[in-house]
Every structure is written in C-alpha cells, then in structure tokens.
Amino acid sequence: MHESLTPAVDLRSDTVTRPSPGMRAAMAGALLGDDVFGDDPSVNALQKKIAELLGFEAALFMPTGTQSNLCAILSHCRRGDEYIVGQFAHCYRWEGGGAAVFGSVQPQPLEHQADGSLSLSDIEAAVKPDDAHFACTRLLALENTLGGKVMAFDYLRQATELARRRNLACHLDGARLFNAAVAQAAVTGAGIEAEARRIAQLFDSVSVCFSKGLGAPVGSALCGSAEFIARAHRLRKMAGGGMRQAGVLAAAASWALDHQVARLAQDHALAQRLATGLSGIAGVQVEPPQTNIVFVDLVGPAKARAAELLPFLAARGVLATGLYRLRFVTHLDVDAAAIDRTLAAVHEFFRLRT
Ligand SMILES: *Cc1c(COP(=O)(O)O)cnc(C)c1O
C-alpha cells in the first residue's frame, strides 16, 4: 500500500506493525453497533473474552494504554491521594503526568533496582502515615514487562502482598503482559494464557495493549471488578474515550488474541539474534534481552559517536530510537533478514567510524 514510504527495517517500537490480512478480514467482517449505547457486539465480545482470559469480572475497551492507565489510577484514587510507581514506569514518566493533571493524584516515584523491580523496603517506606501532612497513599502501580524486562513472579507476589497489608490497591500496567507470559511460560512449561492469568490475578486491575506486539492497529483493555470497571467507564467518557462503532477495532484486538500471542516467542528470538550479533563489537554494550526489546549503550571511545549511530542506520533503512539509551524493538513486521541487515549496518558503522 505505502510500501515505498515504509522504512525497510523499523525497530523503533512494536507499535509500528500493520494489521495482517487475516486481521483486516476480521475487521471487515465485524458486527457493529454503537458502543456508547453498549450495543456493539464485537466490543462486548472482546471485553468478555479478555476479562475471562485474565480472570476478572469485567473489562473495558480503551482507545490507548495511556487512557487505560489514567482511568485505572483515577478509579482507584481520589483527588489528593497518591500512587507509588517506578521512576521509569510508563504511567509515571511517559503519560504527560496525566494522573496529576486530570485527577489531582500525585505520583510517588521510586528508583528501580537493576532488574526493574521496586525494592520492597522502598515501597514500604513510601507508604505515608495517616497524618494531615501527607497525601493518602492509595495505590501501587507496577509494570510488566518494564523496558522489556520480565518481573519475577515471586517479586510481584511479595510486592502486591505488601501493598494489601498496607491497604493499597494494586494496578498492573501490562501493556506487554503477554510478552511476560510468553517468556515465563518458556521457563515454567505452563500455558501462555495460564501464565498471563497467574500474573494478572495478583492485581486488582490490569491494563493490556493490543497495539504493541499483538499487532492490532489501536486499543487496550482495562480489566477489574465490575464495580471498578463501572467507575472507569464513567472516567473513560469524561476523557473522551467513548467510541461508537468501535467493534471494527475490537475485532482486530480479538483476532490478535486468537492468532498473535504465541508468535511473540519469535519476536523474543529475533531480539536474541540481534543482541548476540551486536555483542561481539568493541564499544557496544548490550543488555541481554528477556523479551522483544534490546537496549544498547556505546561505551569507551565509541560513546562520543553515539549521536551519529541512529542517523547512520536511518540512512541505511534501519530505524531505532535513542531517547535515554539506544533501543531496538522486534515485532511481527521484522524477520531474521531484517535483523541481519541491522547487524550489517551496525558493523559497517564501527568499521568506518572506530
Ligand atoms: C505503550 C505503553 C502504554 C500505552 O501506550 P499508548 O501509546 O497510550 O497505547 C502504557 N504502558 C506501557 C508500558 C507501554 O509500553
């Protein structure tokens, strides 16, 4: 369609995928209604499906993960409350401060440990005493995967137990929950859906993205109790997220759940292939990927040339990002040949420049 405008290898994010032919067919055939009246059958079916899959009473289809996290935080917290969250968590750092701006809910950000977790003692220490000086600590918001890292199940269990003990609700930003589930299932031998549900069930609410590795064009779902979802539904309306014949999008998400979950393992293997190929280069430090995101730092003499690398790659049709660190994300629209082309371009850069 727009193939001539498409960069050959786009590793900026797993959001860049286009709907596959099967997904487009599912969208074209979707039964539709007006979801603001609650009568879009495809939206209703998707909400039921994801709620059951993750073991919740109810779910709400959301236009974006950002709106889903916002409605979750505002459903859990009132004005003047606070949520404990990681410094690099999406719902703190990457959502424009929405919970503070729209909800008057203040974040209490904590530093991450090397594995991406928040230390239990830091969480405990951040819960404020019941005292008029302080905001009311109401919620612990965790993320899995975080920067492509899978949070250990035992850590999630301990952190959510601690939160419960301190009367906090627990929200999971599981934009890439299925990447975590696929990685975890490879270790435990259990099913992917069972692993996704096991993680999700530690939390009061979970947000999942269909528009990342699952490959749908748009959409997330927020899951929780019926009462929680009823509050989120009102908030979604306030946020302008009441969509009409949204079934055309829900059908894509539903198709993704049926056909594009298990294949996330291929994205993880490609990330591994990229990391392995990069790891031999002097001056390149690769963080071993656990899922589909590869972080790379240039070190030593190469560090001074870090700013040149992305334009060099872009000129060779390979796109990545570098806001904090160089980041390469694999997804269903890249294959082994694309990874090898990326590796060749990086090798060329270091032959020419160092
Ligand atoms: C992408 C993402 C979101 C939501 O992003 P939207 O672009 O608003 O859909 C939320 N959390 C995490 C961890 C993400 O990666």
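Helix H3 (residues 65-76) gives the largest share of the shell around the ligand, 3 residues; helices here are DSSP runs (H or I, at least four residues), strands are E runs of at least two, and both are numbered from the N terminus. Keep in mind that this is a predicted model, where local features need pLDDT of at least 70, side-chain atom pairs count only at pLDDT 80 or more, and totals for chains, interfaces and linings use all residues. Residues are numbered from 1 along each chain as its sequence is written, and side-chain values use heavy atoms, with hydrogens and water left out.

**Around the ligand**

- The residues surrounding the ligand are Thr64, Gly65, Thr66, Asn69, His90, Glu95, Glu143, Asp173, Ala175, Arg176 and Lys212; to be near a molecule, a residue needs a heavy atom within 4 Å of it.
- That shell splits into 5 charged, 5 polar and 1 nonpolar residue. Asp, Glu, Lys and Arg count as charged, while Ala, Val, Leu, Ile, Met, Phe, Trp, Tyr, Cys and Pro count as nonpolar, and the others, Gly among them, as polar.
- The ligand takes up the space of the largest pocket. A pocket is an open set of points on a 1 Å grid over the protein atoms alone, where a 1.4 Å probe fits, with protein on both sides within 12 Å along at least five of seven lines.

- Asp173 has a side-chain N or O atom 2.6 Å from a nitrogen atom of the ligand; a polar contact is a pair of N or O atoms within 3.5 Å.
- In Lys212, a polar side-chain atom sits 2.6 Å from a ligand oxygen atom.
- For Arg176, a side-chain N or O atom is 3.1 Å from an oxygen atom of the ligand.
- On its own the ligand exposes 380 Å², and the protein buries 83% of that. Areas like these come from the Shrake-Rupley method with a 1.4 Å probe.

**The loop between S5 and H7**

- Gly148 is in the loop between strand S5 (136-143) and helix H7 (153-165).
- Gly148 counts as buried because its relative accessibility is 4%; buried means under 20% relative accessible area, exposed over 50%, and partly exposed in between (1.4 Å probe, protein chains only).
- Phe295 is 147 residues from Gly148 in sequence, but their C-alpha atoms are 9.0 Å apart in space.
- Thr145 lies in the loop between S5 and H7 too, and a cis peptide bond with omega of about 0° joins Asn144 to Thr145.

**Positive phi angles**

- Most residues other than glycine have a negative phi, and most peptide bonds are trans.
- Ser104 isn't a glycine, yet its phi is near 55°. You'll find Ser104 in the loop between helix H5 (98-103) and strand S4 (106-110), and it is partly exposed, with a relative accessible area of 35%.
- Asn167 also has a positive phi, about 65°. Asn167 sits in the loop between H7 and strand S6 (169-174) and counts as exposed at 67% relative accessibility.

**A glycine between H10 and H11**

- Gly240 belongs to the loop between helix H10 (226-238) and helix H11 (247-259), and it is exposed, with a relative accessible area of 59%.
- Gly240 and Gln67 are 173 residues apart along the chain, with 9.5 Å between their C-alpha atoms.

Terms used. Polar contact = N/O pair within 3.5 Å; in protein donor to acceptor, adjacent residues only side chain to side chain. 1 Å grid on protein atoms, 1.4 Å probe; cavity = no way out; pocket = protein on both sides within 12 Å on 5 of 7 lines; lining within 4 Å. Sits in = over half its atoms within 2 Å of the grid points.
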